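Please open the model in your viewer and keep the selection panel at hand.

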Amino acid sequence: MPSKPSVLFVCIHNAGRSQMAAGFLTHYAGDRVTVRSAGSAPADSVNPAVLEAMQEVGIDLSAESPKVLTDEAALASDVIITMGCGDTCPVYPGKRYLDWPLPDPAGQGVEAVRPIRDEIEKLIKGLIDEIVPAA
């Protein structure tokens with residue numbers, strides 16, 4: 001890994017899982033990691049239940065908006081983490097991929113989003129241990 005690794009989180013709508021993952025990675029790793037998130041078919045806005053669930057743990061995603069997955073974002077990333085986009089996510093040769101099979105929070109209330117949020121937080125902490133150089 002380079003001294004400052006870059007991670008791209010990808011899901012279909014970029015309104016739930018990938019937004020939570022990006023929020024946690026930014027929160028815990030700060031400027032030690034370049035963080036991106038995108039979707040293969042972005043929604044109009046971040047899921048309100050996701051906003052609420054993340055606010056409960058002190059992470060404000062209200063300024064975020066879903067973004068379309070671009071070749072530029074993927075090619076600029078060291079690690080690409082997919083979250084349920086299956087065949088709709090393109091594969092870029094030479095990139096390291098991880099797939100985190102997490103339930104889709106779309107259409108769910110905050111009660112259903114909390115366990116997804118908590119699992120993403122655990123995965124992010126493990127990712128940081130693996131890719132971020134010790135201070």
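Begin at glycine 30 in this predicted model: glycine 30 follows helix 1 and has a positive phi, near 60°.

Next, select helix 1 itself, residues 17–29. Its 13 residues should span 18 Å at 1.5 Å a residue, and the end C-alpha atoms are 18 Å apart, which agrees. Colour the helix by accessibility: ten of the 13 residues are buried, so helix 1 is largely enclosed by the rest of the structure. The buried residues are Arg17, Ser18, Gln19, Met20, Ala21, Ala22, Gly23, Phe24, Leu25 and Ala29. To see what they pack against, display strand 1 (6–11), strand 2 (34–39), helix 2 (48–56) and helix 4 (110–131).

Now select serine 18, which lies in helix 1. Is serine 18 buried or exposed? Its relative accessibility is 0%, and serine 18 therefore counts as buried, the cut-off being under 20%. Show its side chain together with that of asparagine 14; a polar contact of 2.8 Å joins the two. Leaving aside residues up to four places away in sequence, serine 18 touches Phe9, Val10, Cys11, Ser37, Ala38 and Met83.

Select its lining: Leu8, Val10, Leu69, Ala74, Ile80, Cys89, Pro90, Tyr92 and Tyr97. By class, this lining has nine nonpolar residues, with no polar and no charged ones.

Key: Residues numbered from 1 in each chain as written. Predicted model: local features only at pLDDT ≥ 70, side-chain atom pairs only at ≥ 80, totals over all residues. Heavy atoms only, no water. 1 Å grid on protein atoms, 1.4 Å probe; cavity = no way out; pocket = protein on both sides within 12 Å on 5 of 7 lines; lining within 4 Å. Nonpolar A, V, L, I, M, F, W, Y, C, P; charged D, E, K, R; others polar. Helix = DSSP H or I, 4+ residues; strand = E, 2+ residues; numbered from the N terminus. Buried < 20%, exposed > 50% of the residue type's maximum accessible area, 1.4 Å probe, protein only. Polar contact = N/O pair within 3.5 Å; in protein donor to acceptor, adjacent residues only side chain to side chain. Contact = heavy atoms within 4.5 Å. Expected span 1.5 Å × (residues − 1).
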